[in-house]
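Here is a short report on one protein model. Look over the sequence and the structure, then read on.

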Amino acid sequence: MQKIIVQNSGIVTLKRIIDERDGALCIMEARRDIPFDIKRVYYINNLEHQSSIRGKHAHKTLRQVIFCINGSFMLSLDDGTNRQDVLMWKDNEGVILGPCLWHTMHSFSSGCVLLVAASDYYDESDYIRNYDAFLQYVKGTK
Ligand code: TYD
């Protein structure tokens with residue numbers, strides 16, 4: 001995967017055990033591979049429409065690591081200053097979505113499956129869903 005240049009992000013590489021005919025096994029352990037205790041895991045599938053788009057928000061405090069465990073998609077990251085597109089296609093390479101990072105997932109291949117490990121339970125009040133509000137929030141944290 002390419003180098004991550006945005007703030008509050010990074011790459012997580014999981015151990016991947018390959019048994020040629022019997023598939024691949026990837027393992028994530030909290031505080032070892034994932035840099036926090038995992039309180040929630042969710043996955044996204046059935047992305048059958050070429051125009052599907054997910055994300056389009058940032059979080060105030062939540063930390064997450066996003067994986068593409070099948071197929072591929074484009075992850076667009078924006079920390080308020082820098083923007084970056086990351087092509088996600090390796091099942092054992094995740095990207096950290098730290099706080100204050102506007103993220104959008106799009107350009108899904110057929111059969112694409114996303115998996116996300118999160119540091120906390122779902123809390124709508126932790127979301128920033130308006131881009132201008134996000135820019136204001138980032139300014140306020142600096
Ligand atoms: P959202 O986080 O906006 O999805 P994405 O970033 O993948 O596009 O969530 C979509 C809807 O699902 C929204 O109504 C909130 C709900 N939701 C939960 O109830 N619990 C969760 O853990 C998540 C991630 C979403």
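β6 and strand β11 (residues 113-118) run antiparallel and are joined by 6 bridges. Here strands are DSSP runs of E, at least two residues long, numbered from the N terminus. Two strands count as paired if DSSP finds at least two bridges between them. The model is predicted, so local features need pLDDT of at least 70 and side-chain atom pairs count only at pLDDT 80 or more, while totals for chains, interfaces and linings use all residues. Residues are numbered from 1 along each chain as its sequence is written, and side-chain values use heavy atoms, with hydrogens and water left out.

**Around β6**

Q64 faces A118 of β11. β6 also pairs with strand β9 (residues 93-97), antiparallel, over 3 bridges. There V65 has I96 as its bridge partner.

**The open sheet**

Another set of 5 strands makes an open sheet, ordered β8-β7-β10-β5-β12, with antiparallel pairing. β8 (83-88) and β12 (127-128) are the edge strands; each has a single partner, so one side of each lacks a neighbour in the sheet. Within the sheet, β5 and β10 share 4 bridges and run antiparallel. R54 sits opposite M105 of β10.

G55 belongs to β5. Beyond its neighbours within four places in sequence, G55 is in contact (heavy atoms within 4.5 Å) with H103 and M105. G55 and R129 lie 74 residues apart in sequence, yet their C-alpha atoms are 8.9 Å apart.

**The largest pocket**

What volume does the largest pocket have? It holds about 170 Å³. A pocket is an open set of points on a 1 Å grid over the protein atoms alone, where a 1.4 Å probe fits, with protein on both sides within 12 Å along at least five of seven lines; lining residues have an atom within 4 Å of a point. Volume is the space filled by probe spheres set on the points, which are joined across faces, edges and corners.

The lining has 13 residues, and Y42, I44, R54, H57 and M105 lie nearest the centre of the pocket.

β5 gives the largest share, 3 residues. By class, the lining has 7 nonpolar, 4 polar and 2 charged residues. Nonpolar means Ala, Val, Leu, Ile, Met, Phe, Trp, Tyr, Cys and Pro; charged means Asp, Glu, Lys and Arg; the others, Gly among them, are polar.
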